[in-house]
Amino acid sequence: VFGLQLNMEVELSSQLREKHILRTQTLLCDMLLRDAPMGIVSQSPNITDLVKCDGAALFYHGRAWLLGVTPSEAQVRDIAAWLLDSHKDSTGLSTDSLADAGYPNADSLGVSVCGMAAARITSKDFLFWFRSHAQKEVKWAGAKQEPGDRDREEGEEGGRMHPRSSFQAFLEVVKQRSLPWEDVEMDAIHSLQLILRGSFQDMEGEGGGSQQGNKRMINARLNDLKLQGMDELSTVANEMVRLIETATAPILAVDSLGCVNGWNAKVSELTGLPVSEAMGKSLVKDLVQRESREAVERVLYMALNGEEEQNVEIQLKTWGPQLHSHGGTVILVVNACASRDVSESVVGVCFVGQDVTGEKEVLDKFIRIQGDYTTIVRSRNSLIPPIFGSDEYGCCTEWNPAMEKLTGVRREDVIGRMLTGDVFGSALRLRGSDGLTQFMIVLNRAMDGADTDKFPFTFYDREGKCVDSLLTANKRTDADGAITGVFCFLHTVSLELQQALSVQKAAERVAEAKAKELAYIRQEIQNPLDGIHFARSFIEHTELSEDQKQLMETSATCEKQLRRILDDMDLESIEEG
């Protein structure tokens, strides 16, 4: 996106420069239409309006027309002769110092004329632009010395040379030099030179020609320049459109009314809305989600007033195949750029964005998970065990309310401190001379990926009370599975649980005693019952009358009933009656 924006800025700068040159050419040709070639010096505007200068001159057929601060006519004639003699193969010359350029009579011009730009319009005629000196200061980092000077040791006339005795900075005022000529100014001068030279060549070819003929020739050349400039601008514009349409970044644009007039392929792909259907729709009313309308309206208002915003999050609706993906929303982070016409008036807004829908979903999921984690770990519910943790450097990163209650140490007093040494070992003493060493071994094993479960861990709280617990240490990992720290749980017995366990153990002891009594009773009944069974079996093998047989069957039935009662008898059924 940055590369695309940079390319667009470069292209825009190039367009503005070409527009400036084209406007300048049009202005000069208009001058020539009135009176060629003297119209460019005798009327207003004239050649001094073409570039920034203090004076200008036209040297034509041995005569000079002077405007502003210039050399005299004789000096202009002398400069022209010097150019014809020393630069006869050149079509012109530009310099910020005539003295440095080698003009022998530069000193006679003084400081009023230092810089010059000259353009040859015929074999012997010239256009000149002059600039006065621009005084400036140059700060040197050592004492000024002429090339022939030598440093001597103090007190010696002809002593041996040694490093410079003074490095004191001095200020030198540079004169006899004007402001340099910029590339845009030289392009404008060169364009006028081409127009005039071409016109004079056509006039010479027609034997001089009439004034009307001159105007026709100049008009034809002006039209050629305009067409050439328009072709170049059209080429640049087409290239920019191609870049926008094929960009991998989502780009859209609206006019001053907020209606879409630009919708590239990437935005169409993300939203599922074809370019043809997006054109003309209202960005605020039709394309963005309700949550983003206020932000988009503000950005549009500010951009249309020349104030551009960056990194603004907007949510676009989706259509067609994208309607049910990502919850029907595409999230973009955009930079708003004001679109301007040739007169620099704001006519719309262009948005260059980045699709952050996937990143936003992951971030929201992470925030939800983090919220759940915080709610669970830092809950004051009695079911949440004491929890503490450290990062890969051994600094404490977690200390939940249950840990605060167990140790008497506040969370803000331990977060960021070394878990071994500062927290456990100083604020909370460990029992045993090797307690700290064993604790460090458990943590290091967890950092290596080996979890530890129910490690005996005894320490003294803030009040000096001994706390017996079982330590479980697990590794902490990030999304990629890399170990980032250790998470520890303490298993302790609370007062309520101790009371419950005591009651439970007492009940178990009572039940066990009753069960033993029941077993004893069952055994004591079982023995006489076996004797009855043996006696009945023995009697059944003797001669019995019918009445006796009937009594034996009744005895067998009663025995079976007693045995069934003994087999099904338990403590609960007896207590229930």
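What follows is a short chat about one predicted protein model.

Reader: What am I looking at, and how are the residues numbered?
Author: Residues are numbered from 1 along each chain as its sequence is written, and side-chain values use heavy atoms, with hydrogens and water left out. The model is predicted, so local features need pLDDT of at least 70 and side-chain atom pairs count only at pLDDT 80 or more, while totals for chains, interfaces and linings use all residues.

Reader: What is the average pLDDT of the protein chain?
Author: The average is 78, and 72% of the residues score at least 70. pLDDT is the predictor's confidence in each residue, from 0 to 100.

Reader: Where does pLDDT stay under 50?
Author: One such stretch is residues 151-159, with 14 contacts beyond four places in sequence; a contact means heavy atoms within 4.5 Å. Residues 206-211 also stay under 50, with 7 contacts of that kind. Where pLDDT is low, the predicted coordinates should not be read in detail.

Reader: OK. How many helices and strands are there?
Author: The protein chain has 17 helices and 17 strands. Both are DSSP runs numbered from the N terminus: helices are H or I with at least four residues, strands are E with at least two.

Reader: And how much of the chain is buried?
Author: 34% of the 577 residues count as buried. Buried means under 20% relative accessible area, exposed means over 50%, and partly exposed is in between (1.4 Å probe, protein chains only).

Reader: Next, the open sheet. What is its strand order?
Author: The order is E2-E1-E5-E4-E3, 5 strands with antiparallel pairing. Strand E2 (63-68) and strand E3 (92-95) stand at the edges with a single partner strand each, so one side of each has no neighbour in the sheet. Neighbouring strands are turned by 15° against each other on average, direction ignored. Two strands pair if DSSP finds at least two bridges between them.

Reader: How many bridges do E3 and E4 share?
Author: E3 and strand E4 (residues 115-120) pair over 4 bridges, in the antiparallel sense. Thr95 stands opposite Met116 in E4.

Reader: Which helix packs on that sheet?
Author: Helix H3 (residues 73-86) does, touching strand E1 (55-60), E2, E3, E4 and strand E5 (126-131). The direction of H3 makes about 115° with that of E5. Axes here are lines fitted to C-alpha atoms, for helices over the stretch in contact, and angles run from 0 to 180 degrees between N-to-C directions.

Reader: Which residues of H3 are buried?
Author: They are Val76, Ile79, Ala80, Trp82 and Leu83. They cover an arc of only 160° around the axis, which puts them on the same side of H3. The arc is that of the directions from the helix axis to the C-beta atoms. The face turned away from this buried side carries the exposed residues Ala74 and Asp85.

Reader: Why would residues a few places apart point the same way?
Author: An α-helix has 3.6 residues a turn, so residues three or four places apart point the same way.

Reader: What about H14, which residues are buried there?
Author: In H14 the buried residues are Gly435, Phe439, Val442, Leu443 and Ala446. Their arc around the axis is only 95°, which puts them on the same side of H14. Among the elements that cover them are strand E13 (387-391) and strand E16 (466-477). Just after H14, Gly449 takes a positive phi of about 100°.

Reader: Which residue other than glycine has a positive phi near 55°?
Author: Lys454 does, and its place is in strand E15. Lys454 is exposed, with a relative accessible area of 51%. His61 also has a positive phi, of about 55°, although it is not a glycine. His61 lies in the loop between E1 and E2 and is exposed at 64% relative accessibility. Most residues other than glycine have a negative phi, and most peptide bonds are trans.

Reader: Switching to Ser390: buried or exposed?
Author: Ser390 is buried, at 4% relative accessibility. Ser390 is found in strand E13. Not counting residues up to four places away in sequence, Ser390 touches residues including Cys395, Leu419, Arg476 and Val486.
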